[in-house]
Amino acid sequence: MTDNTTLLIMSLAREVYASLITIIFYAWFARLRYNWPMRVRRILIGTGINFLVHAYTRFFVPREVVSYLITAVDLIVVTRILWYPHRGFAYWTAFFFAFCCATVQELCVALLYTALSPHPEVMLQFMGR
């Protein structure tokens with residue numbers, strides 16, 4: 001395999017892993033906070049949708065603002081699948097709290113990564129951004 005193929009496969013594998021972690025986080029959050037059930041089938045469907053959206057936005061959407069809007073819609077769709085049949089105020093409250101917790105968690109991981117890596121921009125350029 002060439003270096004570009006290996007890099008593409010590793011990027012896609014990373015996207016699948018990141019999508020799975022994200023979806024499990026949202027399902028787990030609703031399970032802990034609201035005692036809503038975690039369904040394996042819904043987690044797999046959500047992971048697939050999240051993976052496809054992130055792979056598409058990473059490789060084919062040149063604007064970050066558009067990418068963020070697509071990701072926001074993706075999170076709403078995925079949480080609707082995960083937390084069905086909950087809707088209305090219960091859904092939006094759960095979504096808001098889960099989104100805030102995920103943002104704080106990602107911020108902490110990003111700050112830790114920046115503290116441990118002397119030149120994080122080199123890694124980002126290596127991954128195609």
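**Exercise 1. Work out what span helix H1 should have, and check it against the ends of the helix in this predicted model.**

Solution. Step 1: H1 has 32 residues, and at 1.5 Å a residue these should span 46 Å.

**Exercise 2. Find which residues of H1 are buried, and what covers them.**

Solution. Step 1: a residue counts as buried when its relative accessible area is under 20%. Step 2: in H1 this holds for Ser11, Glu15, Ser19, Ile23, Phe25, Tyr26, Ala27, Phe29 and Ala30. Step 3: the cover over these buried residues includes H2, H3 and H4.

**Exercise 3. Decide whether Glu15 is buried or exposed, and list its contacts beyond its neighbours within four places in sequence.**

Solution. Step 1: Glu15 is part of helix H1. Step 2: its relative accessible area is 2%, so Glu15 is buried. Step 3: with the neighbours within four places in sequence set aside, Glu15 touches Phe51, His54 and Arg58.

**Exercise 4. Describe the residue that follows H1.**

Solution. Step 1: after H1 comes Asn35, which sits in the loop between H1 and H2. Step 2: Asn35 is not a glycine, yet its phi is positive, at about 60°. Step 3: to count as exposed, a residue needs a relative accessible area over 50%. Asn35 has 54%, so Asn35 is exposed.

**Exercise 5. Check the span of helix H3, then show where its buried residues lie around the axis.**

Solution. Step 1: H3 covers residues 64–82, and its 19 residues should span 27 Å at 1.5 Å a residue. Its end C-alpha atoms are 26 Å apart, which agrees. Step 2: the buried residues of H3 are Ser67, Thr71, Asp74, Leu75, Val78, Thr79 and Leu82. Step 3: seen down the axis of H3, these buried residues fall within an arc of 125°, so they line one face of the helix. Step 4: the spacing follows a general rule. An α-helix has 3.6 residues a turn, so residues three or four places apart point the same way. Step 5: on the face of H3 turned away from the buried side are the exposed residues Val65, Leu69 and Val73. Step 6: the buried residues of H3 pack against helix H1 (3–34), helix H2 (40–60) and helix H4 (89–116).

**Exercise 6. Determine how H2 and H3 are oriented to each other, and which residues meet.**

Solution. Step 1: H2 and H3 pack at an angle of about 175°, and their axes are 9 Å apart. Step 2: angles over 145 degrees count as roughly antiparallel, so H2 and H3 are roughly antiparallel to each other. Step 3: from H2, the residues in the contact are Arg42, Ile43, Ile45, Gly46, Ile49, Asn50, Val53, His54 and Thr57. From H3, they are Ser67, Ile70, Thr71, Asp74, Val78, Ile81 and Leu82. Step 4: sorted by type, the residues of this contact are 8 nonpolar, 6 polar and 2 charged.

**Exercise 7. Locate the cis peptide bond at Pro85 and give its omega.**

Solution. Step 1: the bond runs from Tyr84 to Pro85, and its omega is near 15°. Step 2: Pro85 belongs to the loop between H3 and H4.

**Exercise 8. Summarise the secondary structure and the burial of the protein.**

Solution. Step 1: the protein has 5 helices and 0 strands, in the order α-α-α-α-α from the N terminus. Step 2: of its 129 residues, 27% count as buried.

Conventions: Residues numbered from 1 in each chain as written. Predicted model: local features only at pLDDT ≥ 70, side-chain atom pairs only at ≥ 80, totals over all residues. Heavy atoms only, no water. Helix = DSSP H or I, 4+ residues; strand = E, 2+ residues; numbered from the N terminus. Expected span 1.5 Å × (residues − 1). Buried < 20%, exposed > 50% of the residue type's maximum accessible area, 1.4 Å probe, protein only. Arc of directions from axis to C-beta. Contact = heavy atoms within 4.5 Å. Axes fitted to C-alpha atoms, helices over the stretch in contact; angles between N-to-C directions. Parallel < 35°, antiparallel > 145°, perpendicular 65-115°, else oblique. Nonpolar A, V, L, I, M, F, W, Y, C, P; charged D, E, K, R; others polar.
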